[in-house]
Amino acid sequence: MSEAEAYAYDAEMRKANRAKAVAGRSVIFKIKRCDGPNKPSRWESFKVPIEEGANVISSLNWIAANPVTVDGKKTTPVVWESSCLEEVCGACTMLINGRVRQSCSCLINEYAPREGDVMTLEPMSKFPVIRDLWVDRARLFHNLTRIKAWVPIDGTYNMGPGPKESHDHQQMRYALSECMSCGCCLDACPQFTKQEDESKWDSSFIGAHAISQARYFNEHDTGKQLKADRMDALSGAGGINDCGNAQNCVKVCPKGIPLTESIGAIGRSATIHAIKQFFQGKK
Amino acid sequence: MADEKRADEKRVIVVGGGLAGLAATIRIAEAGMPVDLFSMVPVKRSHSVCAQGGINACNEVARQQGYSEYQHFDETLIGGDFLNDQHPVLEMTNWAPKIIDLLDRMGVPFNRSNEGFRDLRLFGGSLFKRTHFSGATTGQQLLYALDEQTRRFAAEGKVNKKEFWEFLWPIVEGAGENARCVGIVAQDMRTMQIQSFRADAVVMATGGCGLVFGKSTNSVICTGGAASRCYQAGAWYGNAEMIQVHPTAIPGADKCRLMSESARGEGGRVWVPAKKGDTRKPRDIPENERYYILEERYPKYGNLVPRDIATREIFDVCVNEGMGINGTNQVYLDLTHMDPDYLTEKLGGILDIYEKFVGDDPRFTPMRIFPAVHYSMGGLWTTYTPGEYQPDSPISGFKPGDPIPVGNEPGMGMEVGAHNNAMTNITGLYAFGEVNFAYHGATRLGANALLSCIFDGLCNGVSVVNFVREGGHQPVFELDQAVFDAATKQEQDKHDKLLDSTSSGTGDRKLNPYQIAFELGEEMNAASTVVKTGPRLEKCLSKLDELKERYSKVELGDGAMWTNQSLSFTRAVGDMIIIGEAIAKAGLLREESRGSHYRTDFPERNDDKFWKASVAKFNKDSGKSDIEFVDVKAGLVKLRPRDYGKTESNAAPAQKEPVGAS
């Protein structure tokens, strides 16, 4: 499936598939496997009976208990990362039929409604593979450190409440705070490319994930004390200027976070930051 | 290696990066003590993200209406059917408002009132609004705030995060009363390297054991494996039998997802087809051919009976009477008689979850739900030093408006910073959060879990620091390397034996680890959750013997030396069987009904015999649990009948709208 087709595979189509899903069918899972870093990858297919309410996780569980390919070859259980299975932890992200998303919320009825339909599972494309569908997303968390994604409190002793906040402002921040660092926005971004050399992470494009988190912390009364540091990080190499405005990020975000708004807001902050720096003689 | 560079420094290991582990890490690192933080997942993906409803604390509005920290304390004890250790609960509820303030300062986006104050919602077990919340993802928001502060300490070099490392064993020196924990053995889940790590104190913050019951509301990492390993190494396990089953969860092919109680509060009706085996679609079944379970059995309270009753009745209809939908263990939770726009406005969030995971829109198709294992009140047994408040006689029947018997300053319940607070029977080994048995007794109140986790970290983190600095023990960096090498070898040998089983495979399905885990979950769910009986628990124990026997010959399906998840899972299955045995055996010996523990053969609470904590001790010779019953640490509040149901019914009209589930 081409990228364009993958994106077109939207909610309406999934709903239609749900309605015509055949009970008691089997579905073919075509899975891209790899034994470890620098090892070649290969495809293996499994025929999985679909029970009611099946999702990609339950199908991978079935394969783990029955690791035999469609050709009758005995193989090993597939390796993948997962935790909450409720689409709030971000762990089980992978490419499903070419589109990046969480596998827990991926219902088989919506993707493979007929007997023998094929679903493809691949690891995320922008992070190094550890094994099979498990990728190393350390860079994504590193990028949070890069933009100092925290509120610099004085300490944990009792010092009364935090800053007061309006209802509407809280709602705006809450929308940003739901980001679970899954990396969908990065995987779909043409500007965010795979970078296995850790020493180059700080000069490579940081992506919508950390840009939106920078905005989240800049919007907090105490958090904004570090705004200048964040804007330094986002104004240099690999910062906001590397965004190509493809807007794929916002399309694939499972939490509907207004990522392009965040990019716009940080872009404006960066302009102001640059002017300030100019007048302070720093640049 | 980082830890060798600092080999002349005292340090602490925290195992687990959920709310309890991160709160502990922050507190200990802030005190200037280096922390090594071990987690099987990036800490931001820990199970705490799943908590929805909120976090309880007395607040200024409730206070002016007559509420107090003391009443929060009292409610928690009634909720727990008086099986809680009383002093730590008092300290926890006294700290609660300050903990909310701290989270607020860390930037948690708590919902706000029109005037910009923190908003509050009602929750089960109280007549007062005392629950703070952040949308329907409070756990996620709190975890992120602590994750951010941890990241800050890590950036400053004060915390050494070891993510994708699995805890294998606590390293214990000496025996009996002299047993002291001096480090851990852990394995890198990617490279499979097994290594010992020294520490002057170890904090276990490893959460619950939902996977022992197969499908639960827990995350896939909540096997209870880490707690089981400490238990097998000599740590005691308290109130194992106390497992909370939530009445309304969405059964899934992979796990059960929570469906908040507020659906019933808004008018949701629970029913099954009146005719057994009726396969018609729900909307084709006319009104008079439906059996509205709770409305018919409890005409007065209907669908709004308390949680434990709802759970037991739904279970009874499906399991005992076989009347579940199409013979499955499911009943309808029906909202389709209501205006869809109203539902969207009031329940939008949880309805979207249902639609996303089940594929049906609950505004038009009745939801299919069933009770699911949700939380373990039991856990590693811990002790503490009581605080200043020691009344001459315990207070009985506290009511709102009564004079509050004790102040809310720190140190009333527990002596803050005492070395033994939240320490297990093994010196230097602590248990924080869900894995600590102390706080919730026989049932946990909604929105108290997040509180107990963060409280343990913040309050008892100080105890850890004091113990390491002032405990007078030989610094662990001075200990002989042989102790650590032996521990590494012990775990390496176990690991290699499992790995060897791959090649010797007979292909016998009975020796497949996933099959053994599946049968364990089925058995534990059937015998040791909602309704228990002596004979059924005895049968369960025989089944566990069989599984244990099969497990001793388990055959691994993957012999890889790199990122072998099957090995990690298979290892945990053995530990899950052992915890399962403690749960079932303690349940068998507790011949009474109390909170979540309901025995049809002993339906009443028996305070004379069982106002006691069950304490399981692992018998290394038999490989099984020896269970003792020891007095509950009380003295602050007098026993009284548990009138949770009565409180709930009085509160029903005002309370139901915002009740959420956590």
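This is a predicted model: local features need pLDDT of at least 70, side-chain atom pairs count only at pLDDT 80 or more; totals for chains, interfaces and linings use all residues.

Two strands count as paired here if DSSP finds at least two bridges between them.

**Stop 1: the strands around Leu95(A)**

Four bridges join E3(A) and E4(A), and the two run antiparallel. Now pick Leu95(A). What is the bridge partner of Leu95(A) in E4(A)? Val100(A) is that partner. Over in E5(A), Leu95(A) has Glu122(A) as its bridge partner.

Next, look at the turn of the hairpin of E3(A) and E4(A), where two residues lie between the strands. Asn97(A) has a positive phi there, near 50°. For context, most residues other than glycine have a negative phi.

**Stop 2: the two domains of chain A**

Color residues 3–134 of chain A as domain 1 and residues 137–279 as domain 2. The C-alpha centres of these two domains of chain A are 31 Å apart. Their contact takes 14 residues from domain 1 of chain A and 17 residues from domain 2 of chain A. On the domain 1 side, strand E4 (residues 99–102) of chain A gives the largest share, three residues. That side of domain 1 of chain A has seven nonpolar, four polar and three charged residues.

**Stop 3: a buried helix**

Select helix H8 (residues 207–218) of chain A. H8(A) has twelve residues and reaches 17 Å from first C-alpha to last, close to the 16 Å expected at 1.5 Å a residue. Is H8(A) largely enclosed or exposed? Twelve of its twelve residues are buried, so H8(A) is largely enclosed by the rest of the structure. Among those buried residues are His209(A), Gln213(A), Arg215(A) and Asn218(A).

Which helices surround them? Show helix H5 (138–146), helix H6 (167–177), helix H7 (184–187), helix H9 (227–235), helix H10 (248–252) and helix H11 (259–279) of chain A: the buried residues of H8(A) pack against these.

While H5 and H6 of chain A are on screen, click Lys148(A), which sits in the loop between them. Lys148(A) is another residue with a positive phi, near 50°, without being a glycine. Lys148(A) is also buried, with 23 other C-beta atoms within 10 Å.

**Stop 4: where chain A touches chain B**

Bring both chains into view. How many residues of chain A are in contact with chain B? The contact involves 58 residues of chain A and 58 residues of chain B. On the chain A side, the elements giving two or more residues are helix H3 (56–65), helix H4 (108–111), strand E6 (129–131), H5 and H6 of chain A. By class, that side of chain A divides into 23 nonpolar, 25 polar and ten charged residues.

**Stop 5: the nonpolar core**

Move to Val203(B) and Met204(B). These have the most contacts inside the largest nonpolar core, a set of 283 residues. Beyond its neighbours within four places in sequence, Val203(B) is in contact with Val12(B), Val14(B), Val15(B), Ala24(B), Tyr430(B), Phe432(B) and Val464(B).

Then go to Gly21(B), in helix H2 (residues 19–30) of chain B. Gly21(B) counts as buried, with 32 C-beta neighbours inside 10 Å. Setting aside neighbours within four places in sequence, Gly21(B) is in contact with Val14(B), Gly16(B), Leu37(B), Ala205(B) and Phe432(B).

**Stop 6: an open sheet in chain B**

Last, show E18, E11, E20 and E21 of chain B. In that order, these four strands form an open sheet with antiparallel pairing. E18 and strand E21 (624–631) of chain B stand at the edges with a single partner strand each, so one side of each is left without a neighbour in the sheet. Further in, strand E11 (residues 237–238) and strand E20 (residues 612–619) of chain B pair over two bridges, and Gly238(B) stands opposite Val615(B).

Finish at Ala422(B), in the loop between strand E18 (379–380) and strand E19 (429–431) of chain B. Ala422(B) has a positive phi near 60° and counts as buried, with 30 C-beta neighbours inside 10 Å.

Note on methods: Residues are numbered from 1 along each chain as its sequence is written. Chains are lettered from A and ligands numbered from 1 in the order in which they are written. Domain bounds come from an automatic or database domain assignment. Two residues are in contact if their C-beta atoms, placed from the backbone, lie within 7 Å. Ala, Val, Leu, Ile, Met, Phe, Trp, Tyr, Cys and Pro count as nonpolar, Asp, Glu, Lys and Arg as charged, and the others, Gly among them, as polar. The expected span of a helix is 1.5 Å times one less than its number of residues. A residue is buried if 20 or more other C-beta atoms lie within 10 Å of its own, exposed if 12 or fewer, and partly exposed in between; C-beta atoms are placed from the backbone. A nonpolar core is a set of buried Ala, Val, Leu, Ile, Met, Phe, Trp, Tyr and Cys residues joined through C-beta atoms within 7 Å.
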